[in-house]
Amino acid sequence: MRVLLGGMLLIVLLVARLTTIVTIAQNPAAAQVKNPVAARPESLAEGKRLYLRYCASCHGANAEGGSGNDLIPAAPDLTDKEWKHGSTDGEIFAVIKNGVPPELNMVPFADQLKDADIWNVVNYVRSLAK
Ligand code: HEC
């Protein structure tokens, strides 16, 4: 009986662990992409400038999410631990570059921002993590 219970507990733990991994990698291909831009002060400053220009209208000046617009869903908080579309640098990069299809309430920035700019924004957003 004890062995059986122990075995079941192990399985439950394993499944929980797998679920965590799946939750982290929402976009496994993008999650593999390494951030080529170091989060140095210049990168963060440039990322902040771009963020305020392109993102703040929806996500808020402090990136804590926007309710001041009619978007459904509202633009999420980018400073919390919840990353619906993936929490790695590569996944955040992919969301900014390609938007979130099919609705594209999160608009794609591929035409407006160069990859290096997007990485600067990724670094800036990451620096806001609570
Ligand atoms: C037109 C409004 C709008 C603009 C501008 C905008 N976003 Fe978004 N963003 C959204 C919405 C709405 C979502 C939620 C999309 C969904 O889940 O369907 C979102 C989602 C995201 C996510 C995914 C968050 C998660 O939990 O996984 C990231 C990252 C993000 N935006 C970053 C940015 C950055 C950086 C910029 C500026 C370059 C930006 N957004 C500009 C509306 C916007």
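# A tour from the ligand outward

Select the ligand first: 25 residues surround it, and the closest are Cys55, Cys58, His85, Asn105 and Met106. The model is a predicted one. By class, the shell around the ligand holds 18 nonpolar, four polar and three charged residues. Three helices, α4 (56–59), α5 (89–98) and α6 (115–127), each give at least two residues to this shell.

**Whole chain.** Switch to a cartoon view. The chain has six helices and zero strands, in the order α-α-α-α-α-α along the sequence. Of its 130 residues, 22% count as buried. Among contacts between residues at least 6 apart in sequence, 62% join residues at least 24 apart.

**Nonpolar core.** Next, select Phe93, Val121, Val122 and Val125, which touch the most other members of the largest nonpolar core, a set of 18 residues. At least two residues of this core come from each of α3 (41–54), α5 and α6. The largest contribution, six residues, is that of α6. In general, nonpolar side chains in soluble globular proteins tend to be buried together. Now centre on Val125: leaving out residues up to four places away in sequence, Val125 touches Tyr51, Ala63, Leu78 and Ile92.

**α3 against α6.** How do α3 and α6 lie relative to each other? Their axes come within 7 Å and cross at roughly 95°. An angle from 65 to 115 degrees counts as roughly perpendicular, so α3 and α6 are roughly perpendicular to each other. To show the contact, select Ser43, Leu44, Glu46, Gly47, Lys48, Leu50 and Tyr51 on α3, and Asp117, Asn120, Val121, Asn123, Tyr124, Val125 and Ser127 on α6. This contact of α3 with α6 has six nonpolar, five polar and three charged residues.

**α5.** Move to α5, where seven of the ten residues are buried, leaving the helix mostly covered. The buried residues are Asp89, Glu91, Ile92, Phe93, Ala94, Val95 and Ile96. Their cover includes α2 (28–31) and α6. After α5 comes Gly99, with a positive phi near 75°.

**Loop between α5 and α6.** Two residues of this loop to select are Pro102 and Leu104. The peptide bond from Pro101 to Pro102 is cis, with omega near 0°. Leu104 is not a glycine, yet its phi is positive, near 60°. As background, most residues other than glycine have a negative phi, and most peptide bonds are trans. Is Leu104 buried or exposed? Leu104 has 10 other C-beta atoms within 10 Å and is therefore exposed, the limit for that class being 12 or fewer.

**Loop between α4 and α5.** Finish with Ala63 and Thr79, both located in this loop. Ala63 also has a positive phi, about 65°, although it is not a glycine. Ala63 is buried because 21 other C-beta atoms lie within 10 Å, where 20 or more are needed. Thr79 has 17 C-beta neighbours inside 10 Å and so counts as partly exposed. Which residues touch Thr79, leaving aside its neighbours within four places in sequence? They are Ala63, Glu64, Leu128, Ala129 and Lys130.

Key
Residues are numbered from 1 along each chain as its sequence is written. This is a predicted model: local features need pLDDT of at least 70, side-chain atom pairs count only at pLDDT 80 or more; totals for chains, interfaces and linings use all residues. A residue is near a molecule or strand if its C-beta atom, placed from the backbone, lies within 6 Å of it. Helices (H or I, at least four residues) and strands (E, at least two) are DSSP runs, numbered from the N terminus. Ala, Val, Leu, Ile, Met, Phe, Trp, Tyr, Cys and Pro count as nonpolar, Asp, Glu, Lys and Arg as charged, and the others, Gly among them, as polar. A nonpolar core is a set of buried Ala, Val, Leu, Ile, Met, Phe, Trp, Tyr and Cys residues joined through C-beta atoms within 7 Å. Two residues are in contact if their C-beta atoms, placed from the backbone, lie within 7 Å. Axes are lines fitted to C-alpha atoms, for helices over the stretch in contact, and angles run from 0 to 180 degrees between N-to-C directions. Angles under 35 degrees count as roughly parallel, over 145 as roughly antiparallel, 65 to 115 as roughly perpendicular and the rest as oblique.
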